[in-house]
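These are my notebook entries on a structure that I am reading for the first time. I record each item that I looked up, in the order in which I took it up.

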Amino acid sequence: MKIFRGFHHPGIAPACALTIGNFDGVHRGHQAMLALLNSEAAHRGVESCVLTFEPHPRDYFAGALHKPELAPARVGTLRDKLTELARCGVQQTVVLPFDARLAAQSPQAFIDEVLLKGLGVRYVLVGDDFRFGAQRAGDYALLDTTGQAKGFDVARMNSYEVHGLRVSSSAVRQALGQGDMEAAARLLGRPYAISGHVVHGRKLGRELGATAEGAGDGFRTLNLRFAHWKPAASGIFAVLVHGLGETPLQGVANLGVRPSLDPDDVNGGRVLLETHCLQWPAELGAEGAYGKIVRVELLHKLHDELKYDGLDALTTGIAKDCADARAYFASAHAPTNHTETRRQTTRDRI
């Protein structure tokens with residue numbers, strides 16, 4: 001999949017079949033839309049294209065109004081969004097910066113400057129609640145009328161439902177906020193996951209719980225930065241880690257701001273996903289994971305983040321979380337690898 005920041009690039013397709021949206025989470029409703037988009041693109045002999053925005057428009061307006069509470073919780077990072085769009089067969093994604101200029105652009109100017117001049121649309125597919133342009137004044141009717149006048153087709157897709165529930169990013173956020181990872185997986189069509197480069201931290205975990213014989217053999221963690229201040233999920237989870245070998249690694253992870261640590265650590269103020277593998281691969285050594293790209297599937301929530309009074313209490317708490325994660329993986333319903341988690345969500349579709 002080709003990825004462009006904006007549309008003023010020589011490698012961008014001269015014509016495309018397009019859909020527009022934030023695609024936070026790339027859930028099953030998005031996947032159904034993208035399948036239709038790919039079909040229509042192939043029928044017309046043009047590339048399938050997604051136009052998405054960063055930051056999320058609601059993030060932008062929350063900042064402009066100095067009301068952070070208006071910003072939506074983020075299901076996925078831009079990296080994970082692009083990975084899932086590529087997995088769905090999209091040929092080209094354009095990431096458009098959402099700024100004051102775009103927010104003030106009239107609906108007709110958006111059609112003329114972005115869709116026609118910038119992207120060469122031949123077909124546009126939108127959701128049933130699609131709005132665009134300044135003050136959200138543009139709608140399907142305007143898009144359709146302009147398409148008839150200027151020679152591109154416009155289609156609208158109705159909401160996608162699973163067991164009578166409308167699948168939406170809001171529904172995914174709600175499931176994640178409630179810690180219902182099974183419901184989130186049903187809505188997403190896959191286990192909820194976060195990916196990224198393993199970054200350095202304080203290296204405190206390897207000292208916590210270390211034996212007298214070997215300092216550094218304690219609760220070593222893989223640290224991934226979640227590139228948004230307001231993740232939809234938070235807390236302690238039983239997880240599977242992919243990317244450190246052929247077999248996924250069982251682990252326990254903390255997603256959040258680490259309330260038991262001081263704010264002056266190297267990642268202070270950032271949301272981190274800190275994952276302790278229950279059995280560390282000896283072949284990696286102490287430093288072997290840094291810089292690698294891993295994907296962590298959050299399968300089961302154990303509890304919310306807790307603030308511990310001191311490192312001894314933190315060590316005891318992590319040890320209990322590890323025991324609880326092992327008990328989860330030993331249970332009959334817990335998936336043991338990526339193939340099984342995919343198989344479970346496939347059964348949910350039937």
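Is Arg44 buried, partly exposed or exposed? I found that Arg44 counts as partly exposed, because its relative accessibility is 26%. I note at the outset that the model is a predicted one.

**Entry 1. The partner of Arg44**

I looked up the charged partner of Arg44 and found Asp153, with which Arg44 forms a salt bridge. The closest N and O atoms of this pair are 2.7 Å apart. I then checked where the two residues sit: Asp153 belongs to strand β6, which covers residues 153-157, and Arg44 belongs to helix α1, which covers residues 28-44. The bridge thus links distant parts of the chain, 109 residues apart. Asp153 is partly exposed as well, with a relative accessible area of 40%.

I asked how many salt bridges the structure holds. The total is 15.

One of them lies between Arg166 and Asp129, with 3.4 Å between the closest N and O atoms. Arg166 is in strand β8 (residues 165-166), while Asp129 is in the loop between β5 (121-127) and α6 (140-150), so this pair ties together parts that are 37 residues apart in sequence. For Arg166 I noted a relative accessible area of 36%, which means that the residue is partly exposed.

I also examined Asp324 and Lys320, whose side chains meet in a salt bridge at 2.8 Å from N to O. Both residues are in helix α9 (residues 311-330), and because they are four residues apart there, about one helical turn separates them. Lys320 is exposed, with a relative accessible area of 53%, whereas Asp324 counts as partly exposed at 28%.

Finally, I looked for bridges with shared partners. Glu40, Arg44 and Asp153 are joined into one network in this way.

**Entry 2. Lys150**

Which residues are in contact with Lys150, once its neighbours within four places in sequence are left aside? I found Gln108, Asp112 and Leu116. With Asp112 there is a polar contact between the two side chains, at 2.9 Å. The C-alpha atoms of Lys150 and Asp112 are separated by 9.6 Å, and the two residues are 38 residues apart along the chain.

**Entry 3. Strand β13**

Strand β10 (residues 222-225) is joined to β13 by four bridges, and the two run antiparallel. In this pairing, Leu222 stands opposite Thr275. Strand β12 (residues 249-256) is joined to β13 by six bridges, again in an antiparallel arrangement. Here I noted Gly251, which stands opposite Cys277.

**Entry 4. Helix α8**

Is helix α8 mostly covered or mostly uncovered? The helix spans residues 181-188 and is mostly covered, with six of its eight residues buried. I listed the buried ones as Met181, Ala183, Ala184, Ala185, Leu187 and Leu188. Gly189 follows α8, and its phi is positive, near 80 degrees.

**Entry 5. Helix α2 and what follows**

In α2, I found Pro57, Asp59 and Ala62 to be buried. The cover over the buried residues of α2 includes β3 (47-54). Just after this helix, His66 takes a positive phi of about 55 degrees.

Phe61, Leu65 and Leu70 make one of about 270 Å². Among these residues, Leu65 is found in the loop between α2 (57-64) and α3 (78-87).

Key: Residues are numbered from 1 along each chain as its sequence is written. This is a predicted model: local features need pLDDT of at least 70, side-chain atom pairs count only at pLDDT 80 or more; totals for chains, interfaces and linings use all residues. Side-chain values use heavy atoms; hydrogens and water are left out. A salt bridge is a side-chain nitrogen of Lys or Arg within 4 Å of a carboxyl oxygen of Asp or Glu. Buried means under 20% relative accessible area, exposed over 50%, partly exposed in between (1.4 Å probe, protein chains only). Two strands pair if DSSP finds at least two bridges between them. Patches are made of residues with over 30% relative accessible area and no salt bridge: like charges are joined within 9 Å, nonpolar side chains (Val, Leu, Ile, Met, Phe, Trp, Tyr) within 5 Å. Accessible areas come from the Shrake-Rupley method with a 1.4 Å probe; for residues, only the protein chains shown count as cover. Contact means heavy atoms within 4.5 Å. A polar contact is a pair of N or O atoms within 3.5 Å; within protein, one must be able to donate a hydrogen and the other to accept it, and residues adjacent in sequence count only if both atoms are side-chain atoms.
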